[in-house]
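Welcome! Please take a moment to look over the sequence and the 3D structure before reading on.

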Amino acid sequence: MTSGPLIVQSDKTALLEVDHPQAADARHDLSIFAELERAPEHIHTYRITRLGLWNARAAGHDSDFVLDVLDKYAKFAVPAGVRNEIVDTMSRYGRLSIIRGEDGQLLLHSADRAVLLEASKQTKIAALLEGSLGSEDFVIAPWARGQVKQELLKLGWPAEDFAGYAPGTPHEIALAEIGWNIRDYQSKAVEKFWEGGSGVVVLPCGAGKTIVGAGAMSVAKTNTLILVTNTVSARQWKSELLKRTSLTEDEIGEYSGSVKEIKPITIATYQILTTKSKGEFAHLALLNANDWGLIIYDEVHLLPAPIFKMTADLQARRRLGLTATLVREDGKEGEVFSLIGPKRFDAPWKDIEAQGYIAPAACFEVRVDLPDEVRMDYAIANQEDRYRLAACAHAKIDVIRSLLKNHEGEPTLIIGQYLEQLHEVADSLDVAVITGQTPVDEREQLFQAFREGTLKTLVVSKVANFSIDLPEASVAIQISGSFGSRQEEAQRLGRLLRPKADGRAASFYTIISRDTVDQDFAQNRQRFLAEQGYSYEILDAHAL
Amino acid sequence: MSELRQLVDALRKLSDDDLRSLVATRLIPLNNIEDFYSLAEALNSPKSYTSVIGSLSRAQLNSLHALSKGEKIKKPEFESLQALQLVYEDAGKQAAYEPLLDQLKQHKAFTRSISIIQEDASRFDQNEIDRNCGLAAFETMQALTELIFDLEKHLIREVGKGGVGLADVKRLASALGKPNDYAKAIFAMANQLGLMTLSNGRHLLTAEAIDWLGFDQLTRMNVLFKSFTDLLGAGLAKEILALEPGSSLKTWLETQFPLAENTATSKIGLILRNANHFGLTFENQVSSWFGLAVSKGKNFESTLGKHLPAVQSRIILQADLSIIAPGPLPTKIESQLRRFANTETIGLASTYRLSALSVCHGLETGMTSDEIAEILSSAFGAKLPQPVEYLLSEVNSRFERLVIREATNSEHRSVIESNDNVLLTEIGNDPRLRPFSLTRPSNERLICRFEPSVVYFGLRECGYLVIRKDADGSVISPIEASETAVAAGVLNKWDERIAKLREADQSSNQAGNDEVMTRQVQLAIRNKAKLTITVNRADGTQQVIELEPSGIANGRLRGLDRKAQVERTLPLTTIAAISLA
């Protein structure tokens with residue numbers, strides 16, 4: 001027992017006191033086998049997961065190493081249950097492997113006959129195998145590599161994958177570091193991804209995930225398919241790649257609703273891949289249209305269900321997932337890990353902020369008192385109507401006015417969920433509005449005017465939640481949202497986090513109706529950011 | 001004399017200490033025991049004998065074997081069985097209770113040949129065993145404390161016979177970061193320790209639970225160890241001292257108790273489980289302080305104390321309203337903190353969270369928002385984060401806005417009052433509260449047919465900052481409410497329970513009590529025992545008859561008089577006295 005910074009709990013969480021002198025060393029060692037779950041201001045929470053322990057084994061660390069790290073930094077004795085589970089879990093890794101047979105077929109291999117039989121007799125796994133080959137191998141169906149890995153992971157016998165990745169058609173790509181340099185954390189993320197083969201990189205909004213993607217491409221030097229959330233984002237990717245790499249306009253294609261180009265580097269939207277015609281996915285051929293050596297999934301937390309299925313068939317290709325908020329309200333984070341790969345790199349938002357790579361932000365929750373007649377409407381309303389009533393309260397408009405006055409001259413986004421409310425606000429304040437109904441060209445013009453400063457205020461719907469680069473926006477006023485969505489909250493704050501030219505901090509306001517479900521949802525929405533160390537100051541609307 | 005009667009007489013003669021020891025070693029919960037008859041019935045049940053058989057030593061089993069064959073056994077051996085109320089002496093003849101022998105006969109032999117694989121103690125690291133024992137003891141104390149606060153803040157209903165609902169088990173398991181089975185074991189342990197009890201289908205705190213909150217870690221450990229030695233019984237507690245640190249308690253018990261079944265409900269199972277939970281053993285390997293703790297040695301505190309996590313007096317307060325205790329807190333701070341903060345996880349480091357409801361709970365217990373702020377800032381050692389200050393101030397300004405009182409009108413039992421007409425409308429319209437059938441007699445009031453405590457917990461579950469007030473307008477503290485429940489109907493302290501038992505027994509002996517008479521008859525029917533009945537005859541004389549009762553209905557008792565070879569039907573009004581034969 002030491003007076004270290006770490007408390008290991010019997011539920012396999014480890015709490016790290018960040019102000020402790022040994023905290024930085026402990027964090028470094030912990031990151032090898034534990035997942036960072038929460039990083040508020042004083043205590044960071046790590047979780048020792050099976051996946052984390054198996055990743056550590058894959059990287060060459062054994063259970064003695066893990067226990068030594070915990071003992072070294074633990075404040076109290078490490079609970080016996082945790083010790084036993086670490087030893088047991090790590091001993092399961094590597095007993096099974098996926099290898100290539102002499103004639104190139106995929107084999108599930110193990111020298112431990114009992115483990116091999118246990119795995120092969122599982123109904124779901126048996127369906128993916130094509131019979132045994134000697135006493136130590138089973139042949140895996142050519143298309144089932146991903147599913148086999150996924151099922152083995154669920155069974156608790158993770159397979160080491162030695163079958164390798166398809167190299168893809170070579171294509172020269174290099175970073176063009178002229179007037180800029182890849183940041184340390186970005187190159188570390190690329191390095192960790194490449195070492196691991198496939199996986200997810202988690203970085204805050206505005207911290208340069210595109211550069212990580214470009215960095216990975218410069219290492220892979222192969223044909224690359226990039227999947228993004230929408231056309232605006234696809235164009236931003238293209239422009240960024242042209243600026244940051246040796247790639248030229250001719251080498252990059254867009255595959256979206258409006259353009260269908262397949263080039264060595266192709267940027268496609270999730271929407272086009274999931275578009276159906278006569279009951280079939282019409283553009284599925286894209287996945288095999290070129291000999292891709294790398295597939296990048298932007299905003300991987302938004303991966304639609306059909307893409308999950310398609311991704312299971314792409315296990316022979318390297319896959320990189322990029323996201324700021326690996327939280328899914330449908331709880332499918334696990335599927336992202338098993339199909340794209342485990343989390344390879346993660347950096348707390350506040351760490352990146354401390355390094356000056358994202359703008360500091362102050363968050364505020366402004367509580368508005370509803371007039372009695374509105375409260376009465378709310379009191380007698382059905383449950384399903386209550387959120388809309390509270391979120392769209394007219395009383396919020398005066399608060400928006402006050403906030404705009406307080407931040408006069410600063411580029412401000414007013415973000416909401418309900419179109420009626422957005423138009424009401426836009427009309428009352430006489431500002432432009434962008435919703436899903438706004439044509440792409442008009443959207444781009446308005447965004448451009450905002451970037452250039454000719455438009456100081458913009459009312460936007462959820463179309464601006466993700467992947468929209470508005471570097472100078474420094475104030476956001478959130479007036480309604482998708483109920484308690486934590487990732488939406490974080491992504492909306494993310495619109496403000498590009499460092500400002502004049503170094504000013506960002507301000508993120510959420511206006512909520514007091515004593516309503518609006519307030520309850522706001523609490524849930526704030527959880528992710530609070531876990532990243534952002535604190536919300538609570539203000540009364542009348543005191544603004 | 002019937003065996004049941006023998007047993008009742010034997011129980012009456014026991015001292016309070018012996019009675020206490022008996023019910024602890026025979027695992028009889030006193031909560032539902034009304035008098036010595038029902039205690040005797042519980043002790044004489046096959047279920048009770050099944051559980052005690054496993055805890056009988058080889059020598060005791062040999063003695064019972066001899067008794068079953070009509071042989072006489074030596075006095076010390078007889079007394080060791082008599083202390084457990086397994087044998088009796090009737091007119092100088094030694095005998096074992098029949099239901100016990102019936103249970104024993106179900107085993108192929110009273111003694112069985114078993115080979116025990118002795119575990120090699122040397123391969124265990126004693127320091128590691130002690131370290132893990134310390135952690136287990138700490139976790140158990142934390143879990144019991146959490147359960148007490150959970151009972152204070154939630155209405156926990158009885159599910160099944162004395163059980164707890166899955167939702168309540170899950171809530172506790174989630175707070176402890178443990179599986180549901182662990183939480184269930186903690187509920188069972190709290191019952192066994194007398195920290196909770198049942199009343200009107202609800203689990204309630206006992207006076208012992210309130211005492212527990214005031215104890216420091218070592219005093220709490222003493223409570224656990226006392227319960228453990230009670231469970232062992234005096235004889236076993238003495239023999240078990242032979243165990244060396246590092247040796248296996250399980251192996252030792254298996255050697256000593258050939259019929260032991262290590263099942264969840266068996267006594268041996270309970271001994272093993274409690275030893276592991278109470279930090280006396282780790283995975284059945286004996287700790288350094290095992291002997292000291294069982295023999296109530298004075299120095300176990302210093303040995304054990306070294307292996308309990310060191311107490312910290314500092315907390316960490318974060319802007320997301322979470323509070324982290326980076327280690328066990330001093331009892332006083334912990335108790336204060338839990339008055340106004342919800343528990344998120346309990347462990348070596350515990351996480352709490354402030355909410356409007358939790359702060360309101362603190363105010364209801366008599367704290368002020370300034371006191372809460374002072375406790376937080378002095379333990380945190382810095383200025384409170386703004387959201388915390390805002391929350392305290394907001395809850396303070398709304399305290400007493402929504403009040404529940406007991407109704408004076410007999411048609412309904414609770415009145416919900418507020419000056420906020422819209423708030424009452426919202427409550428009245430809340431679909432989650434529909435089962436309460438709230439009605440609105442005036443703008444400032446809602447009425448309900450359920451008792452105030454039920455409505456109070458119902459509203460709190462839905463997030464309303466409601467408080468209870470008594471007829472004088474004083475706020476009822478949730479702690480006082482628990483204590484009142486204890487005083488009103490549930491006796492908890494051992495001494496009080498035993499006194500109550502003796503009192504009930506005396507009143508049951510008084511003649512002319514129809515209820516008592518009916519109970520005696522039902523008891524005799526259930527146990528196939530004979531009754532000695534004194535009947536008033538028409539000529540004014542009395543006749544004593546012995547009857548095997550077969551039923552009681554419509555004011556008449558029916559039964560077989562074997563002596564006269566007739567079936568008798570006696571009007572209850574003619575019976576002057578009745579007792580088990």
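Predicted model: local features only at pLDDT ≥ 70, side-chain atom pairs only at ≥ 80, totals over all residues.

Residues are numbered from 1 along each chain as its sequence is written, while chains are lettered from A and ligands numbered from 1 in the order in which they are written.

**Chain B as a whole**

- Chain B holds 26 helices and 22 strands; helices (H or I, at least four residues) and strands (E, at least two) are DSSP runs, numbered from the N terminus.
- Along the principal axes, the C-alpha atoms of chain B fill a box of roughly 85 × 75 × 35 Å.
- Of the 581 residues in chain B, 39% are buried; a residue is buried if 20 or more other C-beta atoms, placed from the backbone, lie within 10 Å of its own, exposed if 12 or fewer, and partly exposed in between.
- Among contacts in chain B with a separation of 6 or more, 63% join residues 24 or more positions apart; two residues are in contact if their C-beta atoms, placed from the backbone, lie within 7 Å.

**Where the chains meet**

- Chain A gives 26 residues to the contact and chain B gives 27 residues.
- On the side of chain A that touches chain B, β2 (13-17), α15 (372-380) and β25 (536-540) of chain A each supply at least two residues, and the largest share, five residues, comes from α15(A).
- This side of chain A has 14 nonpolar, five polar and seven charged residues; here Ala, Val, Leu, Ile, Met, Phe, Trp, Tyr, Cys and Pro count as nonpolar, Asp, Glu, Lys and Arg as charged, and the others, Gly among them, as polar.

**A helix pair in chain A**

- Helix α2 (residues 50-58) and helix α4 (residues 80-92) of chain A have axes that come within 9 Å and cross at roughly 55°; axes are lines fitted to C-alpha atoms, for helices over the stretch in contact, and angles run from 0 to 180 degrees between N-to-C directions.
- The two helices, α2(A) and α4(A), are therefore oblique to each other: angles under 35 degrees count as roughly parallel, over 145 as roughly antiparallel, 65 to 115 as roughly perpendicular and the rest as oblique.
- A:Arg50, A:Leu53 and A:Arg57 of α2(A) meet A:Ile86, A:Thr89 and A:Met90 of α4(A).
- By class, the residues of this contact between α2(A) and α4(A) are three nonpolar, one polar and two charged.

**A helix pair in chain B**

- Helix α1 (residues 3-13) and helix α3 (residues 36-43) of chain B pack at an angle of about 115°, with their axes 9 Å apart.
- From α1(B), the contact uses B:Leu4, B:Leu7, B:Val8, B:Leu11 and B:Arg12, and from α3(B) it uses B:Phe36, B:Tyr37, B:Leu39, B:Ala40 and B:Leu43.
- Nine residues of the contact of α1(B) with α3(B) are nonpolar, none is polar and one is charged.

**A four-stranded sheet in chain B**

- Four strands of chain B form an open, antiparallel sheet in the order β4-β3-β6-β5; two strands pair if DSSP finds at least two bridges between them.
- At the edges stand β4 (163-164) and β5 (196-199) of chain B, each with a single partner strand, so one side of each has no neighbour in the sheet.
- Four bridges link β5(B) and strand β6 (residues 202-205) of chain B in the antiparallel sense, and B:Leu198 stands opposite B:His203 in β6(B).
- B:Gly163 is found in strand β4 of chain B and counts as partly exposed, with 15 C-beta neighbours inside 10 Å.
- The C-alpha atoms of B:Gly163 and B:Gly201 are separated by 10.0 Å, and the two residues are 38 residues apart along the chain.
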